[in-house]
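Take a walk through this protein with the sequence and the 3D view side by side. Start with the whole, then move to single residues.

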Amino acid sequence: MTEKSLNEILKILNWKENMWPIDSSFLRNIPWELLPNLDTLTKIKYPWELLTLLREQLKTTIIEQKISDKAKISNMVEIAGPVWIEEGVLVHPFSVIVGPTYIGKNSIIGNFTQIRESLIGQDSLVGEIWSLV
């Protein structure tokens, strides 16, 4: 994603009476192809409409599994459907991931966590991590 494109998206999203400022660091860490196009963004009126657009973009973009060799996924995890999992991701046992889903770099998915049709940004923690000593 170019800096110009990122600035155009931020300008559109933050223009809406500053009701919902979006931090550029969030958008920088999402693959460009997962973001809705500029024409679609200009038509949204309420913040929650962005979530609908992102879900639709996931459905049309993520059509196959792409799991990084550098991701650590327990053999007790169920993955169904098209999922993109970036490098450095750690998925703990007994989790379920249903696509279309994107999980950004260095994110941690806790034990007994269910994720479906989601876009999870870089360095995120989802669910709980339990450890018994």
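A residue counts as buried under 20% relative accessible area, as exposed over 50%, and as partly exposed in between, using a 1.4 Å probe and protein chains only. By that rule, 37% of the 133 residues of the protein are buried. The model is predicted, so local features need pLDDT of at least 70 and side-chain atom pairs pLDDT 80 or more, while totals for chains, interfaces and linings use all residues. Residues are numbered from 1 along each chain as its sequence is written, and side-chain values use heavy atoms, without hydrogens and water.

Now the overall picture. The protein has four helices and eleven strands. These are DSSP runs, numbered from the N terminus: helices (H or I) have at least four residues, strands (E) at least two. The accessible surface, computed by the Shrake-Rupley method with a 1.4 Å probe, is about 8300 Å². Carbon and sulfur atoms hold 53% of this surface. A contact means heavy atoms within 4.5 Å. Of the contacts with a separation of 6 or more, 23% join residues 24 or more positions apart.

Tyr46, Trp48 and Leu51 make a nonpolar patch of about 360 Å². Patch residues have over 30% relative accessible area and no salt bridge; nonpolar side chains (Val, Leu, Ile, Met, Phe, Trp, Tyr) are joined within 5 Å, like charges within 9 Å. A salt bridge puts a side-chain nitrogen of Lys or Arg within 4 Å of a carboxyl oxygen of Asp or Glu. Tyr46 lies in the loop between helix H3 (38-42) and helix H4 (47-61).

Turn to the rings. How many aromatic pairs does the structure hold? It holds one. Phe94 and Phe112 are stacked, 5.1 Å centre to centre with 10° between the planes. Rings of Phe, Tyr and Trp (its six-membered ring) pair if their centres lie within 6.5 Å; planes under 30 degrees apart are stacked, over 60 edge-to-face, the rest tilted. Phe94 is partly exposed at 43%, whereas Phe112 is exposed at 53%.

Finish at Val126, in strand S11 (residues 125-126). Val126 is partly exposed, because its relative accessible area is 23%. Leaving out residues up to four places away in sequence, Val126 touches Ile108, Ile109, Gly110, Thr113, Ile115 and Ile120.
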